Structures are given as C-alpha cells and as structure tokens.
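Please have the sequence and the model open as you work.

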Amino acid sequence: MTATTPAPSIGRSLPRLEARDKVTGRVEYVHHLRLPGMLYGKIFRSNVPHARIKSIDTAAAAALPGVYQVVTIEDIRKVIPHPYYGPAFHDQPILADGKVRFAGEPVAVVLAFDRKIAEDAVALITAEYEELPGIFDEIEAMTSDVLVHDELKPASTFPDLQHLKGRKGTNIALDYQLRRGDTEAGFAKADHVFEHTFCSQQVMHIPMEPFVSVADYQDGHLTLHTASQGPSFVRIEIARLLGLPENRVRVKVPFLGGGFGGKLYIKLEALVTALSMVAQRPVKISLTMEEQFYMVTRHPCHFTIKSGLTKEGKLIARHCEVIWNGGAYADIGPRVTQKAGFTSAGPYDIENVSINSYAVYTNRPPCGALRGFGAPQTAWAYESHTDMIAEAMGIDKVEFRRMNMLREGRPQASGTPLRDAEIERSLDHILDRMNWSLPFDRGSGTIKRGRGIAIGFKGITAPTTSVAIVNLFADGSCALYIGTVDMGQGSDTVMAQIAGEVLNLDAASIKVIHPDTDVTPYDMGTLGSRSTFHMGNAVKLAAQDAMGKIADLARELGLPEGANLPLADMLRKKYGMQAGNIIGTGSFIPDYEKPDTTTGLTKKGTPFWGVGAAGAEVEIDIETGAIKVTKLVNVADVGTAINPKAVQQQLSGAAIMQLGFTMTENMVFRDGQLTNGSLADYKIPTLLDIPREFINEHVPNAYDKDGPFGAKGAGESTTIALSPAIGNAVADALGVRIHDLPITPESIFRALQAAKGTPLEDCA
Amino acid sequence: MASFELIEPQSVEEALVALDSDDPAVRPMGGGTALMLMMKAQLFAPTRLVSLRGIGGGFSGFSLSGDGETFCIGAMTTFSELEQSVEIARHLPVITQTMKTLANVRVRNVATVGGNLAHGDPHLDLPPVWTTLGARVRIIGQSGERVIPVEELFVGYYETSLEPGELIAQVLVPVRPDWRSFYAKVTTRAEHDWPALGLAVSVLPEGERIADVSIVLSAAVDRPTRLVNAENVLRGSVLCDEVLTRAGEAAVAETDIETDNRGSSAYKKQLLRVHLGRAIRKVMGA
C-alpha cells in the first residue's frame, strides 16, 4: 500500500489506461498476430440463398502453386465428427454441410502461406447447387412450407429451450410468451382500442476491426487468439465440440476494435480450430469489411401492438405480437426474442398484458446480439404507438406518458417490480434539454420543423456470472485478472477504478490482465451492459477479499490495530524478503427468479433496469422529403457514473450508432441476395450526419442499490428511445407517420404523397 | 491479387508504347483511386499498369490560353490542385464549389481530371460539370490526336469513346464570364454518399430572361446526359414557376431513370423536377 492516500476513484474522469498505447499504435490486436508456420484461410461462399450442394470442385484451387490445402466439411468431419455449434441451438455447421441456407454462407476454405494466393485460389473453386425455394420474410416464414431446418436442435446449456428439441416442420425457433392479467377482458372493458404495426430493417455491427481469429492446435491442446467478446463461452463451446476438458482449450483476447454484440459466442473460432486440426498448423482467418455482412447482423422485427384505454387515457390492456427474423442460424436470436419480448410492452403500468415473441428462421444471413439486444426495435413500435394514441385521444404526449408511466416499486409486465430505474427523471431531463415548454419554430416555406420525445427501458440478461481475481504483489502493486474484454468501451479503466477505490490505490497504477482463459477466471461475456454491474461487483468483492486477507496478515504479524504498515513491509516481515502475494477473489451472480414457463411471470427477472430517453428536432423539405435531425438529446440512467467521461462516450457512441440504424443503414436484399454489402452502399453515419446540437447526458445522482458503488451498465441505454423520438418528430412536423425503419427522404416523401391521396408509384 | 507490372514512363511516347497491347488488362493509371477499388473488389486484375504520373508535357498543370478564352487543364491535374487554385475560383467557380462535396481530401489529393473522365462512371461529379461548361477533351493516341466535346466521350455505362491505347491529355474549358453555373449533388442516404442525382446547369442570363442554357443530368442515368427538351423549354423564356414546372416535366419525360438503392425511379424523377427548378433559380440569382 502506498503511504499517501490517492484521490477517490469513483466519479473521476480518469483518462483511459490504454489511451497512450492506442494513439501511438502500440496496442496489441489479433490482426497483427503471426505465428511460425501459420496458414491464411480464405472462405469460398455460396452465391445462392437456399440449395442442396451437388458438388464442390476444388481441384483447380488445390493445384494453384502456393495453396496448402482446400478444406470442405468432409475434411472437417474427420477431426470433428459432429461439426455443429451455436449458443442456443446446435444448428450451424462449421462449413456448409450438404445444404446452404443463405447467400454468403461459407462452403469451403483455401489454406495458403500467402493471403493473396488464398484469395486467388478461392476464385477457382466452383460449386454446383440444386436450388431450393427460399424464404426471406419473417411473416411468410411463420407459416411457409419452405423450411430452413428440418428439425430444431436446442443446445443443452439452455434448459428453457428443451421443450423445442426435435420439433419438426416449422421455422419458428422459439415462441416466447408472457401473460399478465386478462388482456381480452381488458380490451372488452376499454373505451378505446388502438392497433398499429411497425417494422425494423436488417442492419449490421460494422466494427472497424473485422472478425479475426487464429487457432493453433497441437497434440490435444488448442490455443485460440481471437477478437471475441466472450472468451469463456468460446472455451466451453470449443471444448464441447472437440470433446476436450476446458483446461486443454486456451482462449486469449487482446484489445478489440469494436464488437457491439457481433463478436459474441462462436464466430470464426470453430472454423479456424477445425482448419488447424486438419492442417496441423496454425491458421488465421481475417474477414474483409465486406465479408462481415455474412457473419452476424441485427434482427429485422415486425411488431404489431394493440392497446386498450379508458376514456380518461389510462392504459388497461396491451397485446404485443413481435416477430423476429433470425436468418439462417439461430445464434443468440432466441435470447433476443425472450429478453426484448419481456419489455416489449414498454415502461408503462398496464394491468393486462400479453406478449408473443417469435424467433423465426429465414434464408438470410444470421442475426444475433447487437447493442440493445432487441430493445431498440421494440421501442420503435411502442413509443411511436404511444404518440399515436395520445394524438388520437387529444392528450398531451408528455402528460399521457406521465399518466401511464411505470413507477418505482410497481410491477413491470413480468411482475418484476421497477427498482432504481429513473424513467421519469430521464423524461424530465430530456424535456429540460429540449426546452420543451418554450415556443417552437415550425419552419416556413417548403421547410417544416417538428420535435418528438420517447422513453424506453430494457431488462438485462440473467442470471449470469462474473469472477475476478485481485493480485497484490510483494511490493504492494496490483494486477487485476478479469475476463471482461475492453473493446473500446473503457472497461479496463472502470474496473481499475473500482479496485483502486477498495484497495486505496491509484487506479492508473493497476495493471489489468486481459482475457486469457488459462489465467483469467470465468466471465459470461462482455455483453448487454452487464460488465460494470456484474464484473464491477466481482472486482469489488475480490478487492474486499484481498483487504480482508491483509487484515488477517496484520493480525498474524501481531500488528496493533490501525498500524497501517504498507503491504510490502508486512510481506517482508512475514517472508524475510520481498516475496509472496495477496490474492483476493470475487464471484458475483445477481438474484434471479426463473420466469414461469407458461406465463413468463417472475418476481426478479432482471438484475437492473437499463433506462434511456431521447428527444429530437427535425427539419424536413416537403418537396423532396429530405430530412435533417437538427437536435438530438439522449439521456440514460447509469446509476453512479464511475467514470463520467467514459459514460458520456458510451452514450454518444450508442446514439450515433442508433442514428445510423434509424436514418441511413439498411441491408437491402433482392431474392435473398444482399445488394449493398459494402461501405460504399451501406451507409453508416459520418460526422456530417451528426446533429448540430447533440447532447448526451446521464441522470445525475441516480443510484442502483445492487450495483458496485451504485453503478449500472451504460453501453446500450441511449440506443433504446432514439428511433421513436425521431419518428415522433417527423410526425409532429408533417402530420404523417413513418412505420418502417429506416426513415429516409423517400419514405417521408412517399408518406406525404399518400396522405395527400396522390401516392407515388411503386418501386420498379 | 496476383502480382502485376507497374511502370512509370517519363514521356507520352513511352506511355503510348507501354500501352500498345491487345491485352485488356494493360491499363493507364492516373491517381488510381477508382482502379484500386476495382482491384480490391476483384473486378479487375491488371497485368500491367502504366502510371502517367511522370509523363509531363501538357498532361500536367493548367493555365489560361493566350487569348484568355480557354482554360487548358492537364489530365494529370489533381482535384486538390483545382480546388486550391485562385484562377479556377475566379474563372470556373462551379469547379471550386463542386470540390467541396466531392469524395474526401485523401481522394482529391490524388484523383486526376483525366482519370476521372476516362473511368466513365456515371456517378462521378465532375463529368456533368465539364459537360455543362461546354468543355472539350484533347485525346492523344498512336495515330495522332483529336479534340471532342466531353459529352461525346461518354457512350454508355462505364463506356467511353476512347480507343484502346488512347489517352486523355487535356480538358479545354471555354471561359464564359457571362454564364453562371451550379452543380447540385443530391444524396438520399447519408449526407456524404454517391449522388442519387447529379445535376449541372449553366445559364446565360439576360435580366429575367434565360438567353441560353445547358443542363446535364448524371448518376440517375447511365451516362452524363444533356436534357435537351428541358433546355428548349427554358431557352428564351422569362423565369417563372410555370416555365420551371414545364422544364421539370420535360426533363422527366426525356430521361430513363432506373430504380436503385439510392431511390426508386418515381422518387428520383421528383428529385429531378425539384432540383432542376431550384438550380435554375439559383444561377438566375432569383
């Protein structure tokens, strides 16, 4: 322990521990890694969305000088007899196995010592397909005879999916339901009933560091170097695939160049492992930016929401029918379906709620976790619906929300009470920053202006575990061993701040050891805004454990109470030289009650509530539909902001990402083929698209009693309410409602023309 | 990507010899910004690239002709050189204006005037502008040289009238102090994007009257296209809503606009109507 007392760590905008290394280009990424004898793999992909594979001709590719080997599923089966993986369903083959289920699916891999040669060789591979009818739309897939999979194969790790095992003749991978009260009776009693449908499009994560993994398999041991958000999961799932004990699979993860949920579960890891086993050499695969569109994406969502109200405007019944287009492989889609389904009725106090949420297979690229885990798609529906109801009933939109808002202690749809969730203060904060009570300029000439607000919330994946180790060396310096992946969100810094606060050490002096499953303990994954809360608690417990051991040591050494001898001196006293360690461990799992299997009800369904609110001002040219978001305010309840600067960056980053998903980003398919799979044609927002006034703040003095020092997650909250705030602003400006994302100039112009009774002719 | 030969001749003669091949994978290269993308996307695998960087002569630099009537711009002039030129800003202000939204600084620093024209991509911003300015190109080949209007360079989607082995040497732009020009880059997705519609207009105003006019549409069509019927509606007319509406309808009627990811045909026709009217008003100072 240092003699001087460092400044308190919590609430301090400590600069990122890795900032200097990052800006000087010294940070380690998997991208840079080269192992001796390493081969580069390049993937040959299907160019049809649904087909039986009749033959694959790899002869010309294999004959190209410099090619080491061309690998298909037949080669992989020799080393992994059951080559299927997935976090929820074991439905995804390591390479296409007799069938392809989406255009872009990996069919074969060329291995070569030179990447360029591998790329050239891929162009020489041909495959013959017997094309099958494809199914791309989630609504059609619900009832279609075209089946993406013959049989459902839930993974044994999810007990709540076991009833689906062996189910045949369906594309519905999961049918989640929640039943609270009597919705039908509620609608019968209601004075007004409203029903609307909203859709969200397919979008993608676009981390600036594309997927990259290296596998090195030798003599029954495997080392994976991978850009993964979930090293513990990778180890467990790869060990299962290979039939190895966990201690034979080592997963190392350095910094990531962004993840956003895409780099969770198994991505390239199973493929490079199989390739390394086949080739008996280290193998690396790095995807291009363009190939990322075929790895994992965000679910398109079709949501019909129906509400019953009293004549005073009190919500008394709501039914949510939510259909998620999961693409060809389930990935974590069934969990998105459940978790986003769970909060799909919105942050409102409604006596009677029923929710059906379906995960549906289609012949599109797979969909999985993406920042917000489905909550943004559901909020797009429920908060657009909220404004439409208020308008139709002639009630002020803010008052209508206040009248029906879920308040502290009241049970949410699942029965889990709202706790430490600043929904109303988030709304108040938005109204203040939007100057809501002041007169508003509605534009002139061909320019119309409008403004809108929205609120939203999300539950957090549960129950999940984090384990942390604090190691104090013989000189009193500290290292923290955690499985949390710093992918740009600043977790290294925040975890060091939590440990520093307990250990009374300067956070900047603490070394954070990056995930290496041989060294760092278990963590469920860096996902779903869970790290600050779960790992933060584990780190706090580990640090407290270490402090307890230091106190024990003081007693053992016979030191008087309050002697305050530095740890280095105590260890020297004990061992007679600079030697020894103090090891503190902490393990955290939140309280959780499994939802009832038929009603979905639970008293404790989420470790904490993620809360976000948004306000937007827009300017629209009514002759062209051209839209500018001129002001955007995002507010989140993050509990205590452990590092306010890092929180602010998370809030603005999440908001910009969701702004792209609202206005510009859209994976466009024609007959199952992606038509804009490059950054030239799939438009992420640039600085020019950021609103002139762009305000991102957290609710001051919020506190979560179960969080470390009152903190909760901050990575996703500002994704939730942004889209409907903009949609509501558009409706406010024009009096027309956009139901489908993205909100484009053309969709606005079409809506305007339709409202005038002179609809624009359909797209050719 | 297989390896290829990259050569950098020091004279036009050497370049023409290096390009004298029946192999379609032998190509000249200006700044390489378009070629590199095509190579990365595996759309083009060269056997030999002939960089024109070092050939000098009329290919580099730009200046006003002795009679002050023509701006001669070497084909290897980079966009940044044009963008930063005081002379260009004075005599061809629409070029300076167009540069602001054209690609980005890194691209403008290397992309060349000649390469941009020879690429034949209908989404590029400068070709419609050169066309509306009445520019011509000087083309050099083994069999000598010829000068043609820029609009005759474009014969289809990524197709030009250049013969194999021919090089664009210069762009010759008439200096017309009485004319006013404007380029409308209309994007429909992110602010910074390929245009859904590129619209270049030049007018010779006479008070409220449009004495003469040139209108060129790009991006929404397969090549930069003069909107002759719309020009005829406007030419000699006094600026008013009714004339602009008729010009917009004429423009829509004379073009074949197809649906793509930047907008449906019907929507892009609406954009054409609106932006044509706005562009004409702008150059007429109304």
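**Exercise 1.** Find the bridge partner of Val470(A) in β22(A), and then describe the sheet around this pair.

*Solution.* The partner of Val470(A) is Leu480(A), where strands are DSSP runs of E with at least two residues, helices are runs of H or I with at least four residues, and both are numbered from the N terminus. This pair belongs to β21 (residues 466-472) and β22 (residues 478-481) of chain A, antiparallel strands joined by 4 bridges; two strands count as paired if DSSP finds at least two bridges between them. Widening the view, the 4 strands of this open sheet follow the order β23-β22-β21-β24 in chain A, with mixed pairing. Because β23 (511-513) and β24 (582-588) of chain A each have a single partner strand, they stand at the edges, and one side of each has no neighbour in the sheet. From one strand to the next the twist averages 20°, with axes fitted as lines to C-alpha atoms (for helices over the stretch in contact) and angles running from 0 to 180 degrees between N-to-C directions.

The model is predicted: local features need pLDDT of at least 70, side-chain atom pairs count only at pLDDT 80 or more, and totals for chains, interfaces and linings use all residues. Residues are numbered from 1 along each chain as its sequence is written, while chains are lettered from A and ligands numbered from 1 in the order in which they are written.

**Exercise 2.** Determine how β1(A) is joined to β7(A) and to β14(A).

*Solution.* Begin with β7 (residues 106-112) of chain A, which runs antiparallel to β1(A) and is joined to it by 6 bridges; here Arg45(A) has Pro106(A) as its bridge partner. Finally, check burial in β1 (residues 39-45) of chain A: 6 of its 7 residues are buried, a residue being buried if 20 or more other C-beta atoms, placed from the backbone, lie within 10 Å of its own, exposed if 12 or fewer do, and partly exposed in between.

**Exercise 3.** Describe how α10(A) and α18(A) pack, and which residues meet.

*Solution.* First take the geometry: the axes of α10 (residues 375-393) and α18 (residues 722-734) of chain A lie 8 Å apart, at an angle of about 30°. Then list the residues in contact, that is, with C-beta atoms, placed from the backbone, within 7 Å: from α10(A) they include Trp380(A) and Asp387(A), and from α18(A) they include Pro724(A) and Ala731(A). Sorted by class, this contact has 5 nonpolar, 4 polar and 2 charged residues, where Ala, Val, Leu, Ile, Met, Phe, Trp, Tyr, Cys and Pro count as nonpolar, Asp, Glu, Lys and Arg as charged, and the others, Gly among them, as polar.

**Exercise 4.** How many residues does each chain give to the contact between chains A and B?

*Solution.* Chain A gives 25 residues and chain B gives 20 residues. On the side of chain B that touches chain A, 8 residues are nonpolar, 9 are polar and 3 are charged.

Methods
Two residues are in contact if their C-beta atoms, placed from the backbone, lie within 7 Å.
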